[in-house]
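Notebook open, structure loaded. I want to go through the pocket first, then the core, then a few loop residues.

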Amino acid sequence: MSESSMREPTFLVLTALAEEPRHGYAVIEDVAAMTSGRVRLRAGTLYAALDRLRGEGLIEVDREEVVQSRLRRYYRLTGAGEQSLATETARLRAQAAIAEQRLRARRPEPGGSPA
């Protein structure tokens with residue numbers, strides 16, 4: 001991953017895989033749950049992202065199994081994926097801290113005017 005920010009769907013997919021290996025549909029469900037339904041990944045979008053993330057070395061296939069005559073592939077983070085997610089998490093935390101600081105500066109102090 002480059003030094004630039006990560007797109008939100010990528011961040012969410014990596015976050016879903018940080019807890020445990022998951023198959024595609026489980027990633028879709030977890031992302032929806034993490035975002036209270038705000039982000040709903042479509043299967044085509046997800047599998048293109050999974051292929052891209054594999055190509056970048058951020059995830060790998062954990063295992064495959066056949067369920068109801070269909071192949072189910074589970075993915076997991078690699079060390080590079082874990083580091084990339086940690087870096088992006090720290091970047092987002094720093095940006096959120098700046099926003100919170102600026103919002104606090106706008107609040108009026110008791111008995112006073114806005115800062």
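I got a volume of about 300 Å³ for the largest pocket. My pocket criterion, on a 1 Å grid over the protein atoms alone, is an open set of points with protein on both sides within 12 Å along at least five of seven lines; a 1.4 Å probe is used, and lining residues have an atom within 4 Å of a point. The volume is the space filled by probe spheres set on the points, with grid points joined across faces, edges and corners.

**Ground rules.** This is a predicted model, with local features needing pLDDT of at least 70 and side-chain atom pairs pLDDT 80 or more, while totals for chains, interfaces and linings use all residues. I number residues from 1 along each chain as its sequence is written, and side-chain values use heavy atoms, without hydrogens and water. Helices (H or I, at least four residues) and strands (E, at least two) are DSSP runs, numbered from the N terminus.

**Core.** Which residues touch the most other members of the largest nonpolar core? I found Val13, Leu14 and Ile59, out of 20 residues. Such a core joins buried Ala, Val, Leu, Ile, Met, Phe, Trp, Tyr and Cys through side-chain atoms within 4.5 Å; buried is under 20% relative accessible area, exposed over 50%, partly exposed in between (1.4 Å probe, protein chains only). H1 supplies the largest share of the core, six residues.

**H1.** I listed its buried residues as Thr10, Phe11, Leu12, Val13, Leu14, Ala16 and Leu17. They pack against S1 (22–23), H2, H3, S2 (59–67), S3 and H4 (79–106). Leaving aside neighbours within four places in sequence, I see Ile59 in contact (heavy atoms within 4.5 Å) with residues including Leu14, Leu17, Leu50 and Tyr75.

Is Thr35 buried or exposed? Thr35 is buried, at 11% relative accessible area. I traced its side chain to the backbone oxygen of Val31 at 2.9 Å and to the backbone nitrogen of Val39 at 3.0 Å. Ser36 sits in this loop between H2 and H3 as well, but it counts as exposed at 72% relative accessibility.

**Positive phi.** I noted phi near 50° for Ser36, a positive value in a residue other than glycine. Gln68, in the loop between S2 and S3, has a positive phi of about 50° and is not a glycine either. Gln68 is exposed, at 76% relative accessibility. Most residues other than glycine have a negative phi.

Note on methods: Polar contact = N/O pair within 3.5 Å; in protein donor to acceptor, adjacent residues only side chain to side chain.
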